Amino acid sequence: MSITNTLMRQEILEIPAAVDRLLTNGAQEIAATAAKARELDPRFLVSVARGSSDHACSYLKYASELLLRRPMASVGPSVTSIYGADLEAAGALCISISQSGQSPDIVRMTESLRRSGALTVAITNNPASRLAEAAEATLPIHAGPEISVAATKTFVTSVVAGLWLLAAIKDDRELLAAIHALPRHLEAATGCDWSAAADAIDGRSLFTLGRGPSLAISNEAALKFKETCLIHAESYSSAEVLHGPVSIVEQGFPVIAFAARDAAEETLAATADEMAAKGAKVFATTDRVQRATRLPHVRTEHWMTDPVAAIVSFYGMVEAVAVRRGIDPDKPRHLNKVTETV
């Protein structure tokens with residue numbers, strides 16, 4: 001089977017333009033929602049999402065805790081939709097992410113949190129969706145149609161929209177400037193050659209690693225290996241992988257480590273090198289490794305936005321691995337674009 005010019009590939013290449021479109025068209029909603037959040041002055045944040053959207057929320061968890069010093073937790077949508085429990089979340093800021101905005105359990109939890117007194121914010125590619133109607137404020141991600149089943153540009157624009165909101169709440173000028181400079185850095189990221197890592201992916205299980213905001217990127221990468229390449233991948237924090245999971249590592253075992261220019265870079269690089277010393281074939285987005293292979297990577301204008309560039313480069317690689325394996329990444333088996341979980 002010959003697979004060329006996949007929709008997934010096209011949509012990966014559209015990411016810089018999609019982010020630029022978000023930054024051009026989304027300022028009014030960001031400013032209004034940030035003003036509401038500052039007035040509320042939430043003591044904690046919660047998120048509601050599944051799949052890639054939940055990985056975007058994991059990224060925002062670290063952003064909230066590092067930027068705003070406010071804890072953020074992912075709540076289980078089934079708590080309301082299946083078990084019928086309504087959480088007490090008065091005074092919280094709730095961020096619900098869904099590219100389609102149609103999943104009933106995400107909508108019901110958002111409605112429940114709003115009734116309890118939380119400020120609910122929907123981040124979605126469909127501002128006319130049920131989720132947008134359920135939330136008090138909506139941040140459209142302006143990604144344009146995403147037809148391939150695997151989320152790529154909607155993941156990135158969801159992360160950017162959420163990070164932009166948090167930076168606006170804090171009025172972090174340095175981070176806001178870095179966010180607005182992202183399109184050109186993401187354009188460069190689409191050109192990073194990760195073929196050495198692709199060559200090492202042989203169909204057996206593999207690990208992805210991260211720490212801090214990059215752990216969310218590692219989680220997203222592991223999911224993409226499963227859904228587009230039919231390869232079992234597990235994501236771990238670099239602080240945890242040596243506490244048990246490393247036992248299954250054998251000679252040539254593939255590992256991809258995601259690092260940013262942040263306080264965790266040094267320790268993540270050390271873990272990558274330690275795994276390489278045990279025989280793993282380790283690739284890392286940092287120049288601080290000695291044994292692991294350095295992957296080409298783009299550094300942005302802020303350490304908090306570096307992982308966004310890394311996932312763009314990864315998407316290009318994982319699409320190529322799928323095609324090489326004769327798999328159409330636009331139509332993963334057993335999956336649909338929209339999963340409406342009750």
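Select helix α12 (residues 213-229) to begin, and colour it by accessibility: this helix is mostly covered, with 14 of its 17 residues buried, where buried means under 20% relative accessible area, exposed means over 50%, and partly exposed lies in between (1.4 Å probe, protein chains only). Helices here are DSSP runs of H or I with at least four residues, strands are runs of E with at least two, and both are numbered from the N terminus.

Before going on, note that this is a predicted model, in which local features need pLDDT of at least 70 and side-chain atom pairs count only at pLDDT 80 or more, while totals for chains, interfaces and linings use all residues. Residues are numbered from 1 along each chain as its sequence is written, and side-chain values use heavy atoms, with hydrogens and water left out.

From its first C-alpha to its last, α12 reaches 24 Å, close to the 24 Å expected at 1.5 Å a residue, the expected span being 1.5 Å times one less than the number of residues. Step just past the end of α12 to Leu230, which takes a positive phi of about 60°.

Next, select the five strands that form an open sheet in the order β2-β1-β3-β4-β5, with parallel pairing; two strands pair if DSSP finds at least two bridges between them. At the edges stand β2 (72-74) and β5 (137-140), each with a single partner strand, so one side of each is left without a neighbour in the sheet. Neighbouring strands of this sheet are turned by 20° against each other on average, direction ignored.

Within the sheet, pick out β1 (residues 45-48) and β3 (residues 93-98), which pair in the parallel sense over four bridges, and find Val48 opposite Ser96 in β3. Contact means heavy atoms within 4.5 Å; axes are lines fitted to C-alpha atoms, for helices over the stretch in contact, and angles run from 0 to 180 degrees between N-to-C directions.

Then move to Ser64 in helix α4 (residues 51-68), a buried residue with a relative accessible area of 0%. Not counting residues up to four places away in sequence, Ser64 touches Leu45, Arg69, Arg70, Met72 and Leu166.

Finish at Gln10 in helix α1 (residues 7-13), which is partly exposed, with a relative accessible area of 31%. Select Ser148 as well: Gln10 and Ser148 are 138 residues apart in sequence and 9.3 Å apart in space, C-alpha to C-alpha.
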